[in-house]
Amino acid sequence: MLLRPPARILPLSAVALLLGGLVPTSTVLAQDHGPTLDLPPEASTAEASSAETPPSTETPNAATGPSTPSATSVGGYGELHFNAFMPDGGDTTTEIDLHRVVFFFGHEFGHGFRFYSELEVEHAFIEHGEGGEVKLEQAYIQWDMLDRALSLRAGMVLVPFGLTNRVHEPPSFHGVERPSVDSLIIPTTWSEGGIGLVGEPVEGLRYEAYLMGGLNAEHFTQGKGIRGGRQSVSHAVTDGPALAARVSLEPTLGVELGLSGYFGLTGPNTDAVSASVPVSAVALDGRATRAGLEARAELAYIHVGDTEALRADPMGTGPVSDVGSDIFGGYLELGYDVLHTMETGHALVPFVRAEWYDTTLSEDDPTFNGPSVFELTMGADYRPIPQIAFKVDVQLERPSDGNDENVVDLGIGWMF
Amino acid sequence: MKTVFMKHRGPRGTHGLVYGLFVSALLTASVASVARAETFFTLRELLGSHFHDSTQVGYERVHPAADVRAAIQRRTGSAPKDEYVVYVARSGEHVDGYALFDQERGQHELIDIATFFDAQGQVTDVEVMTYREAYGEAIRSTRFRQQFVGRDASSGFAAGRDVDIISGATLSSGAMARAVARAALLVDVARHQPDTLAHR
């Protein structure tokens with residue numbers, strides 16, 4: 001007999017009434033005529049520390065089964081890269097880079113409240129203003145109000161847009177470097193301060209929706225689109241707010257389709273322009289892991305309004321921004337675990353990814369028109385365990401205008 | 001000449017109104033709701049519910065032998081504990097089923113998992129008793145847990161091959177598969193090798 005989750009919801013609230021039949025009702029667990037229970041003495045101790053009380057630091061007891069771990073937890077992920085850049089007609093250069101190490105800290109308060117954070121160190125060190133950077137990627141409080149159906153999340157949160165911005169632990173994607181679309185089109189990692197709701201009201205249907213701080217139009221660029229406009233919750237001006245939401249459906253286990261939307265005003269967040277500079281964006285994504293096949297696809301389109309105001313140069317000091325009005329990109333990635341049918345527990349996944357992106361789509365004015373780029377990435381990931389990936393690939397970058405470049409990448413990624 | 005707005009730092013005007021309405025709606029919903037605990041079931045609740053028609057649920061302490069320990073390590077990637085408690089439901093002298101409560105690590109946290117078996121050692125249900133991770137809680141879904149029903153110690157439990165994983169919950173999916181695989185092996189011991197049981 002499979003019990004319907006969740007078992008202990010008491011849908012007495014206005015929210016429950018609004019959600020109506022979408023929320024699973026409580027399962028009857030009455031023991032009025034049940035069996036006589038003869039439990040080991042350790043079980044009473046385990047039960048006493050469960051349910052409505054915050055987790056304790058009790059030492060796990062092998063005999064009782066479940067015990068209660070610490071309320072505060074630590075985890076993380078990271079990746080080390082070696083890149084050999086081979087531009088057409090130029091000299092080959094190489095580098096090794098501890099691209100990022102991210103530390104996760106979480107705390108379970110009990111009563112449905114939890115804290116989650118990620119602190120990132122990029123490029124190993126910072127000294128005298130040089131090197132990488134240290135920054136928070138996430139830091140929020142979540143209140144699970146109606147089990148998995150409805151949680152309130154407030155703090156520094158990931159913008160729910162696309163695939164990689166939400167899930168970007170290195171073993172979770174193929175290739176040493178993240179897809180270029182997830183950098184130049186979708187400005188991963190994209191976090192803002194906000195408040196919103198997340199949940200899975202019915203199995204396989206998930207949502208996230210936030211009211212959050214917006215982008216700063218002054219730092220949009222032609223080559224990197226809206227990426228420079230992220231304010232990262234550092235004295236972020238919020239005169240121009242934003243709404244972001246994502247809905248995903250998992251029609252069958254291991255196959256997920258997502259639709260993301262974003263709208264925000266970016267002009268009010270800078271003194272450099274008087275227009276509102278609205279940014280509208282939509283993304284479609286999908287991923288599938290079935291029978292050894294590992295596939296991902298993503299399409300993203302971003303429209304930046306009032307670009308005429310950003311490009312105006314009445315003082316002769318240059319435009320505020322040369323960002324394109326229409327930004328578009330997408331990729332398709334296919335891989336197959338050749339060890340899938342074996343008993344090794346390891347995964348060896350040759351893959352190929354084709355990307356195309358243009359940060360200045362359909363620009364008539366050549367001053368504000370940049371090249372589109374086609375990228376083909378071929379390589380393999382070896383995962384001896386799901387949390388560790390050794391990676392190798394070759395990237396062929398073919399811009400519509402300018403020099404081609406080939407890049408050979410080696411990397412290792414981990415998460416725990 | 002370009003006009004430059006003098007900025008107010010903070011929500012104002014219509015934007016402030018939007019913030020206010022949104023936050024008010026959220027707070028209203030929050031106050032009206034009932035907070036849940038992270039523990040969804042207790043051991044007592046699950047035993048009482050699953051073996052409702054049995055007359056008695058007792059327990060046996062199982063110390064897996066070397067070959068079983070090796071099998072568990074091979075399937076789960078980690079060494080088993082020295083002792084497990086297997087719950088046994090009976091109606092008189094007849095065994096109705098078994099249950100095992102255990103923990104397995106997801107990405108960061110331990111997940112408390114209960115696995116139930118019929119008298120033949122086939123899985124009848126898997127439940128998440130307590131889930132602590134920030135992500136991956138979708139393994140509590142019925143359709144994911146349903147995959148384990150009917151499997152036994154001889155079945156495959158490899159996540160991604162024998163068990164379909166949930167998108168965005170790869171590690172948690174694997175954790176449940178490992179927990180059920182271990183439980184199936186231990187219950188198999190309890191059923192077929194009574195000499196290995198250390199009765200209380």
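Visitor: Why is D306(A) called partly exposed?
Guide: D306(A) has a relative accessible area of 27%. Buried means under 20%, exposed means over 50%, and partly exposed is in between. The value of 27% falls in between, so D306(A) counts as partly exposed. Bear in mind that this model is predicted.

Visitor: Where is D306(A), and what marks its backbone?
Guide: D306(A) sits in the loop between β12 (293-304) and α4 (307-311) of chain A. Its phi is positive, about 55°, although D306(A) is not a glycine. Most residues other than glycine have a negative phi.

Visitor: What do you make of S232(A)?
Guide: S232(A) is not a glycine either, and its phi is positive, about 55°. Its place is the loop between β8 (205-213) and β9 (241-252) of chain A. At a relative accessible area of 33%, S232(A) lies between the 20% and 50% cut-offs, so it is partly exposed.

Visitor: What makes the bond between T188(A) and T189(A) a cis peptide bond?
Guide: Omega is about 0° at that bond. Most peptide bonds are trans. T189(A) belongs to the loop between α3 (181-185) and β7 (191-202) of chain A.

Visitor: How do you know that M378(A) can belong to a surface patch?
Guide: A patch residue needs over 30% relative accessible area. M378(A) has 37%, so it passes that cut-off, and it counts as partly exposed. M378(A) lies in strand β15 of chain A. The nonpolar patch covers about 800 Å², and its members include L293(A), Y336(A), M378(A) and F390(A). β13 (326-336), β14 (347-358) and β15 (373-385) of chain A each supply at least two residues. The largest share, three residues, comes from β13(A).

Visitor: Why is the pair R182(B) and D102(B) called a salt bridge?
Guide: The closest N and O atoms are 2.7 Å apart. The cut-off is 4 Å, so the pair qualifies. R182(B) lies in helix α5 of chain B and D102(B) in strand β3 (residues 94-105) of chain B, so the pair ties together parts that are 80 residues apart in sequence. R182(B) has a relative accessible area of 5%, so it is buried. D102(B), at 3%, is buried too.

Visitor: What makes E208(A) and R153(A) a salt bridge?
Guide: Their closest N and O atoms are 4.0 Å apart. The definition asks for within 4 Å, so the pair counts. E208(A) is in strand β8 and R153(A) in strand β6 (residues 150-158) of chain A, so parts 55 residues apart in sequence are tied together. Both residues are buried.

Visitor: How many salt bridges are there over all chains?
Guide: The structure holds 36. Another of them joins R61(B) and E83(B), with closest N and O atoms 3.2 Å apart. Both R61(B) and E83(B) are buried.

Visitor: How do you know that the span of helix α5 of chain B agrees with its length?
Guide: At 1.5 Å a residue, the 23 residues (170-192) should span 33 Å. The end C-alpha atoms are 33 Å apart, which agrees.

Visitor: Why is α5(B) called largely enclosed?
Guide: Of its 23 residues, 18 are buried, so the rest of the structure largely encloses α5(B). Helix α2 (residues 43-50) of chain B is also largely enclosed, because seven of its eight residues are buried. Among them are L43(B), E45(B) and H50(B).

Visitor: What lines the second largest pocket?
Guide: Its lining has 35 residues, and H99(A), E177(A), R178(A), S183(A) and R227(A) lie nearest its centre. The pocket volume is about 760 Å³.

Conventions: Residues are numbered from 1 along each chain as its sequence is written. Chains are lettered from A and ligands numbered from 1 in the order in which they are written. This is a predicted model: local features need pLDDT of at least 70, side-chain atom pairs count only at pLDDT 80 or more; totals for chains, interfaces and linings use all residues. Side-chain values use heavy atoms; hydrogens and water are left out. Patches are made of residues with over 30% relative accessible area and no salt bridge: like charges are joined within 9 Å, nonpolar side chains (Val, Leu, Ile, Met, Phe, Trp, Tyr) within 5 Å. Accessible areas come from the Shrake-Rupley method with a 1.4 Å probe; for residues, only the protein chains shown count as cover. A salt bridge is a side-chain nitrogen of Lys or Arg within 4 Å of a carboxyl oxygen of Asp or Glu. Helices (H or I, at least four residues) and strands (E, at least two) are DSSP runs, numbered from the N terminus. Buried means under 20% relative accessible area, exposed over 50%, partly exposed in between (1.4 Å probe, protein chains only). The expected span of a helix is 1.5 Å times one less than its number of residues. On a 1 Å grid over the protein atoms alone, a cavity is a set of points where a 1.4 Å probe fits but cannot get out, and a pocket is an open set with protein on both sides within 12 Å along at least five of seven lines; lining residues have an atom within 4 Å of a point. Grid points are joined across faces, edges and corners, and a volume is the space filled by probe spheres set on the points.
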